[in-house]
Amino acid sequence: MTHVHIIGGGLAGLSAAVDVIGRAGVTVYEGGPACGGRARSYFDKALDARIDNGNHLLLSANKASFRYLGLIGAEKTLTGPGSPIFPWFDLEAGLGWTLRLSRGRFPFWALSRARRVPGMKLSELSMLARILKAGPDETVSAFMGTGMLTHRLVEPFAISALNTPLETASASLLAAIVRETLALGGEACCPWYPAEGLSESFVDPAIAHLTRLQGEVRCGTRVSGLDVAQGRVTALRIGSETVALGPEDKVVFAAPSPVARTLLGPHLPGFAAPDAYESIINVHYRLPAPVQARGMLGKVGFVGLVGGVAEWIYLKGEILSVTVSAANRYATHDNEALIATIWSEIRQSVGPVVAGGLPEAVPPVRLVCEKRATFAATPAQDRMRPVARTALDNLALAGDWTQTGFPSTIEGAIRSGVEAIRVLDL
C-alpha cells in the first residue's frame, strides 16, 4: 500500500493528509510541539486564557477551506453573521458604519447611502475593474485612488489580504482575491471565523480524523535531511533515525520556505523559494468578564479599523484580540507604546458600544509578533514561488509559499495540500 510521508503539520500538510488518507497510509512529521503552524491555539499563562496565535477570517468564497472543514467534520465550528456585512470605524473621522454588500454580482450596495462606504463615489468602482487586469509586475499602489472607497475599504482590505505594504505589494495577487470575492458579489463574501479557536476548528478535528483512519501524526519530530537516489526520495532522516521509503511511497514537503531551501536545495538544482517576509502583530487584551457589545458589533463579532495602528478587532469572550498586518513597519516601535496606542483605538471604536464601557487603564495583555508570518507578497517574491511538482518522482511541495495563485492565506495553504496530492497521482 502506498504510504504518504508529509513533512510539516501546518494547514498545508494537514490538508494533504486529510485529502489522501482514504487512499493511502499517512504519516505527518511536525517539528514543533503542536500542529497548525500559524493557525493554531494555545494556553497563555500570563493571560490565564486560551488564545489564537493569529486572527483569521474566512469568506464564503473559500471553497477549499470549507471542503477541508467538511472532510474533518468541523464546518459547524465556525460562526458569522450569515450575510455579507462588515462593520468599520474610521479613527481619524470618529465615524462608524456597516458595509452591506448585495448578494448578487451587480453592486446594488453602492447605490444606497445606508449600505456603501461613506463618502465614496460610484466612479471609484472602476478601480476594482482595473485591478482585475493587473499585470504580474504591477504594484497595488499604482491602482489606488484618492477617494473614500480606496481609503476606507480597498486599502485596508488589500493590506489584510496581502500582508505587505501596498507600495511594493503585487497587484495581480490582489486581483486573484478580488476575482473570487468582491467580483462575485456578496454571496461570496459572507465572513466566517472560529467560534472557539483556530485549533478547535482547523487542527484538532483534522488530527482526530486522521487518527480514526489509522493515520499517524508525530509532533516534535523534525525531519533533518532527505536521502535521494535515482530521481526519488529514498529515506527521511530524523536525528539518528532513518525512515526508509518503499518503491510506492510518496513525500509531501509542507514545511516553511526557509526549511525548504535548506533541505531541498541540495537535491533540486536551481530550487528557489520566497526569502523575504512580512510580520503580523496580534495583541490580546484580557478583560475580567466576556465582552457584551450592542448593535452590529455584537451581531458580527469583529470590526475593521481605518486610520490607526490596529486593523481588526475581534470579540472572543473575555479576550479582545487585535491584528496589525504588514507589521515590519513597526519593528522599531516600543511594544508598550504600541499596546497603549492600540488600547486607545479600541476604547475609541469599541468602547461606546460595550456594556459598561472599557477601562481607561490597559488590562492584562499579550503582544505576539510573528516575524515570518507570510512571504512578502511582492512581484519579485511571487516569481520565486515553486509549483507543487518537482523533478523528484515521488516528491511534491505544499505550503502557502508555493505557487497557489493566492497570497499567504488559509485558503492558499489548504489548496496547496490538495494540489500536492494531485500531482503525486494519488
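**View 1. Strand E17 and its antiparallel partners in the predicted model.** In this predicted model, strand E17 (residues 312–316) and strand E18 (residues 319–324) run antiparallel and are joined by five bridges, with Tyr314 standing opposite Ser321 in E18. The hairpin that these strands form has two residues between them, and Gly317 takes a positive phi near 65° there. Strand E16 (residues 302–306) also runs antiparallel to E17, to which three bridges join it, and the bridge partner of Val303 is Ile313 in E17. In the hairpin of E16 and E17, five residues lie between the strands, and Gly307 has a positive phi near 90°. Four of the five residues of E17 are buried, so this strand is largely enclosed by the rest of the structure.

**View 2. The largest cavity and its lining.** One cavity of 30 Å³ or more is counted in the model, and the largest cavity holds about 50 Å³ of space. Tyr314 and Lys316 are among the residues that line the largest cavity, together with Asp52, Gly54, Asn55, His56, Tyr193, Pro194 and Leu198. Strand E9 (191–194) and E17 each contribute at least two residues to this lining.

View 3. Strand E1 (residues 3–7) pairs with strand E2 (residues 25–30) in the parallel sense over five bridges, and His3 stands opposite Gly25 in E2. Together with helix H1 (residues 11–20), E1 and E2 make a right-handed β-α-β unit. E2 also pairs in the parallel sense with strand E10 (residues 216–219), here over four bridges, and Val28 stands opposite Val217 in E10. Gly25, Thr27 and Tyr29 point one way from E2, whereas Val26, Val28 and Glu30 point the other way, and all of them are buried. Because six of the six residues of E2 are buried, the strand is largely enclosed by the rest of the structure.

**View 4. The largest nonpolar core and the surroundings of Leu236.** The largest nonpolar core comprises 69 residues, and those with the most contacts inside it are Val140, Leu149, Leu236, Phe253 and Leu264. Helix H4 (residues 148–162) supplies the largest share of this core, namely eight residues. A second, separate core has 39 residues, including Ala17, Val20, Leu198 and Ala254. When neighbours within four places in sequence are left aside, the residues in contact with Leu236 include His5, Ile7 and Tyr29. Further contacts of Leu236 in that list include Val223, Gly225 and Leu226, as well as Glu241, Thr242, Val243, Leu245 and Val251. In soluble globular proteins, nonpolar side chains tend to be buried together.

**View 5. Helix H5 and what covers it.** Eight of the 10 residues of helix H5 (residues 171–180) are buried, so the helix is largely enclosed by the rest of the structure. The buried residues of H5 are Ala171, Ser172, Leu173, Leu174, Ala175, Ala176, Ile177 and Val178. Helix H3 (126–131), H4 and helix H10 (379–383) are included in what covers these buried residues of H5.

Terms used. Residues numbered from 1 in each chain as written. Predicted model: local features only at pLDDT ≥ 70, side-chain atom pairs only at ≥ 80, totals over all residues. Heavy atoms only, no water. Core = buried A, V, L, I, M, F, W, Y, C linked by side-chain atoms within 4.5 Å. Buried < 20%, exposed > 50% of the residue type's maximum accessible area, 1.4 Å probe, protein only. Contact = heavy atoms within 4.5 Å. Pairing = 2+ DSSP bridges. Right-handed = clockwise from strand over helix to strand, strands pointing away. 1 Å grid on protein atoms, 1.4 Å probe; cavity = no way out; pocket = protein on both sides within 12 Å on 5 of 7 lines; lining within 4 Å. Points joined across faces, edges and corners; volume = space filled by probe spheres on them.
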